[in-house]
Amino acid sequence: MLSGVSLCSSLFLADEPDEAVTVGARVIEQARQLSSPRILDRIHNLRRDLKRHEHLSTVGDFSRTVAAIGVGS
């Protein structure tokens, strides 16, 4: 799980936002079955790495999904 978050982060930083969103979506799907604060913090931290690409609609949608992870759990 943590390696998936790291990969997603690296892809955003490498200017591969489409691939990052694909990887990130898989990570989020897995994270929805967990309640680990460490994992949730790492996922929330993805928002700092995606800022450069947030103008893309898919990345903006992903950012909103990331922000909502763990809310209400």
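L2, V5 and S6 in helix α1 meet R38, I39, R42 and I43 in helix α3, where contact means heavy atoms within 4.5 Å. Helices (H or I, at least four residues) are DSSP runs, numbered from the N terminus. This is a predicted model, in which local features need pLDDT of at least 70, side-chain atom pairs count only at pLDDT 80 or more, and totals for chains, interfaces and linings use all residues. Residues are numbered from 1 along each chain as its sequence is written, and side-chain values use heavy atoms, with hydrogens and water left out.

**How α1 and α3 sit together**

- The axes of α1 and α3 come within 10 Å and cross at roughly 10°; axes are lines fitted to C-alpha atoms, for helices over the stretch in contact, and angles run from 0 to 180 degrees between N-to-C directions.
- That crossing makes α1 roughly parallel to α3, a label for angles under 35 degrees.
- Sorted by class, the contact of α1 with α3 has 4 nonpolar, 1 polar and 2 charged residues.
- In that sorting, Ala, Val, Leu, Ile, Met, Phe, Trp, Tyr, Cys and Pro count as nonpolar, Asp, Glu, Lys and Arg as charged, and the others, Gly among them, as polar.

**Two residues of α1**

- V5 is found in helix α1, and it is buried because its relative accessible area is 2%; buried means under 20% relative accessible area, exposed over 50%, and partly exposed in between (1.4 Å probe, protein chains only).
- Not counting residues up to four places away in sequence, V5 touches V27, R42, I43 and L46.
- V5 and I28 are 23 residues apart in sequence, and their C-alpha atoms are 9.0 Å apart in space.
- S9 also lies in helix α1, and at 15% relative accessibility S9 counts as buried.
- Leaving aside neighbours within four places in sequence, S9 is in contact with L46 and D49.

**Helix α2**

- How far apart are the end C-alpha atoms of helix α2? They are 20 Å apart, which agrees with the 21 Å that its 15 residues (residues 17-31) should span at 1.5 Å a residue; the expected span is 1.5 Å times one less than the number of residues.
- Buried residues in α2 are P17, A20, V21, V23, G24, V27, I28 and A31.
- The cover over these buried residues includes α1 (2-13), α3 (37-44) and α5 (57-68).
- D18 has its place in helix α2 too, but at 55% relative accessibility D18 counts as exposed.
- The C-alpha atoms of D18 and A67 are separated by 18 Å, and these residues are 49 residues apart along the chain.

**The nonpolar core**

- Which residues touch the most other members of the largest nonpolar core? Of its 19 residues, they are C8, F12, I28, I43, L46 and F62.
- The elements that give two or more residues to this core are α1, α2, α3, α4 (46-50) and α5.
- With 6 residues, α2 gives the most to this core.
- A nonpolar core is a set of buried Ala, Val, Leu, Ile, Met, Phe, Trp, Tyr and Cys residues joined through side-chain atoms within 4.5 Å.
- In soluble globular proteins, nonpolar side chains tend to be buried together.
- Not counting residues up to four places away in sequence, F62 touches C8, F12, V21, G24, A25, I28, L46 and L50.

**A serine in α5**

- S63 is found in helix α5, and S63 is buried, with a relative accessible area of 2%.
- Leaving aside neighbours within four places in sequence, S63 is in contact with R47, L50 and E54.

**Outside the helices**

- D15 is found in the loop between α1 and α2, and with a relative accessible area of 41% D15 is partly exposed.
- The phi of D15 is near 60°, a positive value in a residue other than glycine.
- Most residues other than glycine have a negative phi.
- M1 is found in the segment before α1, and at 28% relative accessibility M1 counts as partly exposed.
- Leaving aside neighbours within four places in sequence, M1 is in contact with V27, Q30, A31, L34 and I39.
- M1 and R26 are 25 residues apart in sequence and 9.5 Å apart in space, C-alpha to C-alpha.

Conventions:
Parallel < 35°, antiparallel > 145°, perpendicular 65-115°, else oblique.
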